[in-house]
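Please open the model in a viewer and keep a selection tool to hand.

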Amino acid sequence: MVTYHFMKNSLLFLTLFLLAIVPQIWLNIVFNIFHFKMNFFLTIVTFIIVVLNLFITIKLVTKITKVKIDFFSLQWKDVLTYVAGGFLVNMSFGLIVYLFFSFMTTNQKSVDAISSKMPILLFFLFAVISAPILEELVCRLFIMGYVFKKYQLLGILISVIIFILPHRPSSIGEFIVYLGPAISYSGIFYLSKRIEYSILFHIFVNLLATL
């Protein structure tokens with residue numbers, strides 16, 4: 001029985017993880033083959049891929065976890081509280097990086113390269129809307145809220161690791177850069193028991209990063 005659940009959850013995670021990186025894979029294809037010459041056709045195709053992938057992932061994760069996502073039921077006082085708390089955590093880790101390290105992360109360089117070649121609205125959809133929702137659905141709702149629902153602290157640890165690794169940290173400094181947000185997102189979900197709060201904060205963070 002334990003083996004069955006392990007295999008089932010592993011397969012589900014692999015499926016969701018692959019879905020979460022579909023937009024990035026497509027953009028890498030565009031970058032390497034078309035050298036980011038985003039004509040009208042590629043723009044439309046990219047838009048469809050990002051939106052369709054997001055819709056499929058949301059439907060699949062909510063069906064697996066049996067969680068209904070409802071932003072309208074949130075208390076905005078709580079939204080502000082979690083955003084403020086998460087921002088303080090991120091700023092604390094950011095201060096450590098600022099004092100002891102000086103660099104631009106590999107992932108940020110990739111994002112900057114993409115942003116300079118994509119239509120602004122399409123980049124906004126990819127970086128500010130799609131990426132945060134996909135990452136929160138997989139790392140928080142599925143990992144913490146489903147696979148490790150009975151072992152929350154272990155779920156937080158696994159969630160943090162799974163979030164950091166795809167961002168390809170190549171040094172201790174880069175690891176710390178992503179450790180702060182990973183902890184704040186996981187902490188918000190752990191405290192609120194609502195994926196909507198961590199999604200909103202993640203969107204807020206990515207929005208600031210793109211300005």
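Is Tyr 185 buried or exposed? Tyr 185 is buried, with a relative accessible area of 1%; buried means under 20% relative accessible area, exposed over 50%, and partly exposed in between, with a 1.4 Å probe and protein chains only.

This is a predicted model, in which local features need pLDDT of at least 70 and side-chain atom pairs count only at pLDDT 80 or more, while totals for chains, interfaces and linings use all residues. Residues are numbered from 1 along each chain as its sequence is written, and side-chain values use heavy atoms, with hydrogens and water left out.

**Aromatic pairs**

The structure holds seven aromatic pairs. Rings of Phe, Tyr and Trp (its six-membered ring) pair if their centres lie within 6.5 Å; planes under 30 degrees apart count as stacked, over 60 as edge-to-face and the rest as tilted.

Select Phe 142 and Tyr 146: their ring centres are 5.6 Å apart and their planes lie at 25 degrees, so the pair is stacked. Both residues belong to helix 5 (residues 120–147), four residues apart, about one turn of the helix. Helices (H or I, at least four residues) are DSSP runs, numbered from the N terminus. Phe 142 is buried at 0% relative accessibility, whereas Tyr 146 is partly exposed at 25%.

Tyr 185 lies in helix 7 (residues 172–192) and Phe 201 in helix 8 (residues 195–210), so the pair ties together parts that are 16 residues apart in sequence. Phe 201 is buried, with a relative accessible area of 0%.

Helix 6 (residues 152–164) has 13 residues and should span 18 Å at 1.5 Å a residue; its end C-alpha atoms are 18 Å apart, which agrees. The expected span is 1.5 Å times one less than the number of residues.

Move to Val 177 in helix 7. Val 177 is partly exposed, at 27% relative accessibility. Its C-alpha atom is separated by 8.3 Å from that of Asn 90, 87 residues apart along the chain.

**Charged side chains**

How many salt bridges does a search of the whole structure find? The search finds two, a salt bridge being a side-chain nitrogen of Lys or Arg within 4 Å of a carboxyl oxygen of Asp or Glu. Select Glu 136 and Arg 140, whose side chains meet in a salt bridge (2.7 Å, N to O). Both lie in helix 5, four residues apart, and both are buried. Then select Arg 194 and Glu 196, where the closest N and O atoms of the salt bridge are 2.9 Å apart. Arg 194 is partly exposed, with a relative accessible area of 25%, while Glu 196 is buried at 2%.

Finally, display Lys 193 and Tyr 190: Lys 193 lies over the face of Tyr 190, at 4.4 Å from the ring centre. A charge sits over a ring if NZ of Lys or CZ of Arg is within 6 Å of the ring centre and within 35 degrees of the ring normal.

Notes. Helices (H or I, at least four residues) and strands (E, at least two) are DSSP runs, numbered from the N terminus.
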